[in-house]
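Please keep the sequence and the structure in view while reading.

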Amino acid sequence: MCGIVGYTGKDLALGPVLEGLRKLEYRGYDSAGIALITDAGEKLWIEKRAGKLGNLEEILGDKVPNSHSGIGHTRWATHGGPTDENAHPHLDNEGKLAVIHNGIIENYLELRQQLEKAGHIFKSETDSESVAHLLSDSRKKHGGDLAAAMREVCQQLRGSFTLLAIHSDQPGRIVGARRNSPLVVGVGDGENFLASDVSAFISHTKRALELGQDEVADITADAIVITNLTGKTLPHNEYEISWDASAAERGGFEHFMLKEIFEQPKAIADTLLGRISGLESDVTKGIDLKNIDKVVIIACGTAYHAGLVGKYAIEKWANIAVDVELASEYRYREPSVDNKTLLIPISQSGETMDTLMAMRYAKEKGAKVFAVCNTNGSTIPRESDAVLYTHAGPEIAVASTKAFETQLIAMYLIGLHLGRIRGTISAELMAEIESELSELPAKVEQVLETVEPLRELTRKFSKSTSMLFLGRHVGFPTALEGALKLKELAYMHAEGFAGGELKHGPIALIEDGTPVVAIMPAAGSLLAEKMASNIQEVKARGAVIIAIADSPLAAANHLVRIPTTHEFLQPVLSVVPLQVIAYEMAIARGNDVDQPRNLAKSVTVE
Ligand code: F6R
């Protein structure tokens, strides 16, 4: 959720720290702050402001002292509102030690009470500030050794955290730690970085080090020492980042979201590459897919919708029961899981705490874990038995688009693969799906050609108070996704329904002029006629029908034509107009497209 960056090295720290924060702002944008250790006098200099990073940058002006090491934070508020006081960094009472934190310290109240009793004075309502006070005390106990203090303090904390700390007596040194929350080290030449993700430093170095659970990194400009919480030095697990900085730039588009919508044909093609006729053995090695009797998909939000589509395909092609579960609910009902369960967590970021915790629960019970993930080296794939990486590239806009498309592709690939190894899919159907899959990138291109007229149409509904989305079969999860996108971006009441379910209650919502987006099943499919009747039912009650369909539809007030594909694959095409509607509605209503209110890209708290 929050974005964290630290820099120590040959350059003035302000530049790389602010640049890192700009790249990480998608993770949270309620407030931002920096702390630097000044070159002259070795003092701590901090500035923090509520609101977006721009608010902080505005007040910095030319008053920032020279410094070669510092940390920066962009916040998604959990404990305490988005105020200047609650913004990070947080200081100890001597004003010499600064801490930034991502995650939740679950035992913070208990810690705070103990610290206050011992005379510490708190300035914020956050859970994070306790860490600054704890580190300050512990550091004194360890003769000024900040890394030793970090190791000790981490053992006192419950919950999830990425922490960075600096102390003015030790300029040039940054100490970081992580538990259930991401932290990577950027390995430079005469400079080193610590950050929530590699986008923060990729324009400086493509060398990165992964930090494992409960590991502490102690960095200076020329040295990196990684230890576990007992102080044992650990080997460096270095890797080369495969994408370049330009992949995370807007490239002429007005917003990241629009760029990412247009990148979908490539993302789909990249994810399909070399996999249509079978998943490479390096994907599935480490997992025995033959010996399973149930599939459980766990995910959140948009990824959950991809999982719902996956259920239709996997059950049909592989003839195996598939449950799709909201990750945040899953483990709390203590579901039955055993070593014949194939658990598929789907996650763009690979860091979603709800998904990670649900996955750990199932793994402990013996499930085999086959993750679908877009982020190399993130926690979910690292803890899985096997991984199917989606190749969407970096997704910066908070609202997921191209990652969703590639998650759908992953579902189809897994469905086909399981169908093949279980002998449950006919050769004809397999050939048909394979051929249709390979045509999807070109067909999504075709849908993208309808973007401009659809943007114009969307603006007509910008004053509506509600929009409903109807679908059947795989069109139902697509409808849920369309409604989620609209809520997220347009801050507008939106709901997705199964077409057949309306008459059981939700039809009462329809009034004169209510816009209803109907995702029509593929022409000629079993449900196309039933859905046409469902549309008549709402139209008769005054709804304005915007149909997404592969053939003409008499009842439609507005028709968005999409190419024909196999009925199971249709969400890949039909979701694109829904993304465009949400995008345009956000603009028409004056909302921030890439950073919608109250949200963050990577949800690393439960
Ligand atoms: C919606 C959106 C979220 C994410 C969800 C899971 O546009 O982006 O609903 O899909 O938070 O995130 P990941 O896929 O990173 O686990």
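The axes of α16 and α18 come within 8 Å and cross at roughly 15°, where axes are lines fitted to C-alpha atoms, for helices over the stretch in contact, and angles run from 0 to 180 degrees between N-to-C directions. The two helices, α16 and α18, are therefore roughly parallel to each other, since angles under 35 degrees count as roughly parallel, over 145 as roughly antiparallel, 65 to 115 as roughly perpendicular and the rest as oblique. The crossing of α16 and α18 is right-handed; a crossing is called right-handed if the near helix is turned clockwise from the far one by less than a right angle, and left-handed if anticlockwise. On the α16 side the contact is made by Thr478, Glu481, Gly482, Lys485, Leu486, Leu489 and Ala490, and on the α18 side by Pro571, Ser574, Val575, Leu578, Ile581, Ala582, Tyr583, Met585 and Ala586, contact meaning heavy atoms within 4.5 Å. By class, the residues of this contact divide into eleven nonpolar, three polar and two charged, where Ala, Val, Leu, Ile, Met, Phe, Trp, Tyr, Cys and Pro count as nonpolar, Asp, Glu, Lys and Arg as charged, and the others, Gly among them, as polar.

This is a predicted model, in which local features need pLDDT of at least 70 and side-chain atom pairs count only at pLDDT 80 or more, while totals for chains, interfaces and linings use all residues. Residues are numbered from 1 along each chain as its sequence is written, and side-chain values use heavy atoms, with hydrogens and water left out. Helices (H or I, at least four residues) and strands (E, at least two) are DSSP runs, numbered from the N terminus.

| Helix pair | Axes come within | Crossing angle |
|---|---|---|
| α14 (residues 427-448) and α18 (residues 570-588) | 9 Å | roughly 25° |
| α1 (residues 14-24) and α2 (residues 53-60) | 11 Å | roughly 160° |

The buried residues of α2 are Leu53, Leu56 and Leu60, buried meaning under 20% relative accessible area, exposed over 50%, and partly exposed in between (1.4 Å probe, protein chains only). They cover an arc of only 65° around the axis, which puts them on the same side of α2; the arc is that of the directions from the helix axis to the C-beta atoms. An α-helix has 3.6 residues a turn, so residues three or four places apart point the same way. The buried residues of α2 pack against α1, β2 (31-38) and β3 (44-50), and the helix is followed by Gly61, whose phi is positive, near 50°.

In helix α7 (residues 264-272), the buried residues are Gln264, Pro265, Ala267, Ile268, Thr271 and Leu272. Seen down the axis of α7, these residues fall within an arc of 165°, so they line one face of the helix. Their cover includes α6 (256-262), α13 (402-422), α14 and α18. After α7 comes Gly274, whose phi is positive, near 70°.

Among individual residues, Glu488 has its place in helix α16 (residues 475-490) and, at 15% relative accessibility, counts as buried. Leaving aside neighbours within four places in sequence, Glu488 is in contact with Val398, Ala399, Pro596 and Leu599.

Met520 is found in the loop between β22 (515-519) and α17 (528-539), and at 5% relative accessibility Met520 counts as buried. Beyond its neighbours within four places in sequence, Met520 is in contact with Ala528, Met531, Ala532, Ile535, Ala547, Ile548, Ala549, Leu553 and Gln570.

Pro235, in the loop between β13 (224-228) and β14 (238-240), counts as exposed at 72% relative accessibility.
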